[in-house]
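Please read the following note alongside the sequence and the three-dimensional view. The points are numbered so that each can be checked in turn.

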Amino acid sequence: MLPLAIRDMVAAMSKEALVAAVKQVMAQSRAGDVEGSYDGYAKLYGMADFSANKPEDQRQALKLLILAKRQGQPSAKLVEAHRAAIPALTELVSTLEEPEDYEMLGLCHLLIGNEQAASNMFRQGLTLERAKNPASDLCGRLMTRVAAI
């Protein structure tokens, strides 16, 4: 169950509400309730109003979970949080075609065990990023991710 403060903030998803909800989830994680924070991220990404935010604001909230460094086997709650991020990322990918969105979507698919979809996302992101800047860090990361699958 999400803390009442997170549920209230996510109900009306203005930018301020998004920032407040993200801060609450991060505070929960820093306080030691990492698994609970995954529930918070899943709830946040699953809200219909989440996609009403500016793409760059959505990206920032998505990056906090998806690009975080972790070790060991993912927990069921971590997998579910990544699964909850897929619809928002799919929307970003289909409307904006930004390579970094493809990378995050690929990482979500990889974490939930869908290697073929992950490979497709990494390859598409790599194609787009190579056209923009073949020497970028993102291009290098995507090449590494494609090679690893």
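Is E97 buried, exposed or partly exposed? E97 counts as partly exposed, because its relative accessibility is 42% and the class of partly exposed lies between buried, under 20% relative accessible area, and exposed, over 50% (1.4 Å probe, protein chains only).

1. Basis of the note. This is a predicted model, in which local features need pLDDT of at least 70, side-chain atom pairs count only at pLDDT 80 or more, and totals for chains, interfaces and linings use all residues. Residues are numbered from 1 along each chain as its sequence is written, and side-chain values use heavy atoms, with hydrogens and water left out.

2. E97 and its backbone. E97 is found in the loop between helix 5 and helix 6; helices are DSSP runs (H or I, at least four residues) numbered from the N terminus. Although E97 is not a glycine, its phi is positive, at about 50 degrees.

3. Helix 6. This helix covers residues 99-111. Its 13 residues reach 19 Å from the first C-alpha to the last, which is close to the 18 Å expected at 1.5 Å a residue; the expected span is 1.5 Å times one less than the number of residues. Helix 6 is largely enclosed by the rest of the structure, because ten of its 13 residues are buried. Among them are P99, D101, Y102, E103 and M104. The buried residues of helix 6 pack against helix 4, helix 5, helix 7 (115-132) and helix 8.

4. The largest pocket. Its volume is about 430 Å³. A pocket is an open set of points on a 1 Å grid over the protein atoms alone, where a 1.4 Å probe fits, with protein on both sides within 12 Å along at least five of seven lines; lining residues have an atom within 4 Å of a point. The volume is the space filled by probe spheres set on the points, which are joined across faces, edges and corners. Of the 20 lining residues, I66, L67, A68, K69 and R70 are the closest to the centre of the pocket.

5. Composition of the lining. Helix 4 (55-66), helix 5 (76-96), helix 6 and helix 8 (137-148) each supply at least two residues of the lining. The largest share, five residues, comes from helix 6. By type, the lining divides into eight nonpolar, five polar and seven charged residues. Here Ala, Val, Leu, Ile, Met, Phe, Trp, Tyr, Cys and Pro count as nonpolar, Asp, Glu, Lys and Arg as charged, and the others, Gly among them, as polar.

6. I66. This residue is found in helix 4 and counts as buried, at 5% relative accessibility. Leaving aside neighbours within four places in sequence, I66 is in contact with H82, A85, L89, M104, L107 and C108, where contact means heavy atoms within 4.5 Å. I66 and L96 are 30 residues apart in sequence and 19 Å apart in space, C-alpha to C-alpha.

7. I112. The loop between helix 6 and helix 7 holds I112, which is partly exposed at 23% relative accessibility. The C-alpha atoms of I112 and R83 are separated by 6.8 Å, although these residues are 29 residues apart along the chain. Leaving aside neighbours within four places in sequence, I112 is in contact with V79, H82, R83 and I86.

8. The aromatic residues. The structure holds two aromatic pairs, a pair being rings of Phe, Tyr and Trp (its six-membered ring) with centres within 6.5 Å; planes under 30 degrees apart count as stacked, over 60 as edge-to-face and the rest as tilted. Y41 and Y45 form a stacked pair, 5.7 Å centre to centre with 25 degrees between the planes. These two residues are separated by about one helical turn, because they are four residues apart in helix 3 (residues 34-46). Y41 is buried at 6% relative accessibility, and Y45 is buried at 4%. Together with F50, Y41 and Y45 form one aromatic cluster.

9. K23 is found in helix 2 (residues 15-30) and is exposed, at 55% relative accessibility. K43 has its place in helix 3 and is partly exposed, with a relative accessible area of 37%.
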